[in-house]
Amino acid sequence: MEASGVRGIPKKVKKPGVIYLNYIPRYMTVKKVREHFSEFGEVRRLFLKPEKSKKSGKPSKFFSEGWVEFASKKVAKRVAECLNGAQVGGKRHSPYYDALWSIKYLHKFQWSNLNERKAYEKARKEQRMRAEIAQVKREVNFYTKGVEKMKRLKKHKNENEVNVTLNNQILSKPFKAENKVNDDMQATDERNSLLLRQVFGNSSA
């Protein structure tokens with residue numbers, strides 16, 4: 001009975017533990033990171049955050065930080081204590097041979113917290129994109145309104161120029177008519193003077 005009772009006692013379930021990698025050596029891949037930490041214990045999950053290219057802003061082939069979940073919390077603590085500040089090592093000619101680990105054990109941290117963080121960062125990214133799109137729309141609307149305003153001003157200016165031209169033409173016509181009348185009167189006076197000279201000239205003779 002006692003033996004069966006002992007057999008019936010469930011084994012203590014190991015609690016997983018998560019370590020944070022503050023620095024990922026250049027050219028180290030996800031596969032290499034998993035292989036490296038699997039030497040110390042069972043790695044359940046692993047996530048490395050890609051770096052953003054400074055030129056394009058897109059994810060590059062390098063990683064900026066990472067999280068590793070071990071099946072055992074004790075193993076995770078021991079890895080953080082032993083490897084923090086230690087040389088990465090490996091093959092002597094590897095590009096990250098002389099690099100140093102920067103590792104911290106995350107107390108009471110669960111993998112779901114990381115998922116929440118990723119969801120939060122995704123939401124922030126989408127919010128920034130929406131804000132940028134709204135800014136572009138505002139700039140386009142401002143530019144369009146400016147162009148329309150310039151067109152209206154140009155049209156108004158052209159209309160004013162036409163009105164000024166018409167007014168000048170209207171104002172110039174009376175002067176031309178008056179000049180013509182003056183010319184006609186002068187011609188008439190000259191004809192009358194000539195006629196008088198002829199008449200009086202003949203009578204005096």
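**View 1. The elements of the chain run α-β-α-β-β-α-β-α from the N terminus.** Four helices and four strands make up the secondary structure. These are DSSP runs, numbered from the N terminus: helices are H or I with at least four residues, strands are E with at least two. The model is predicted; local features need pLDDT of at least 70, side-chain atom pairs count only at pLDDT 80 or more, and totals for chains, interfaces and linings use all residues. Residues are numbered from 1 along each chain as its sequence is written, and side-chain values use heavy atoms, without hydrogens and water.

**View 2. Phe37 and Phe70 form an edge-to-face pair.** The ring centres are 6.4 Å apart, with the planes at 75°. Rings of Phe, Tyr and Trp (its six-membered ring) pair if their centres lie within 6.5 Å; planes under 30 degrees apart are stacked, over 60 edge-to-face, the rest tilted. Phe37 sits in helix 2 (residues 30-38) and Phe70 in strand 3 (residues 59-70), 33 residues apart.

**View 3. Tyr20, Phe47 and Trp67 form a cluster.** Ring pairs link these residues. The whole structure holds five aromatic pairs.

**View 4. Arg26 lies over the face of Phe62.** The distance to the ring centre is 4.3 Å. A charge sits over a ring if NZ of Lys or CZ of Arg is within 6 Å of the ring centre and within 35 degrees of the ring normal.
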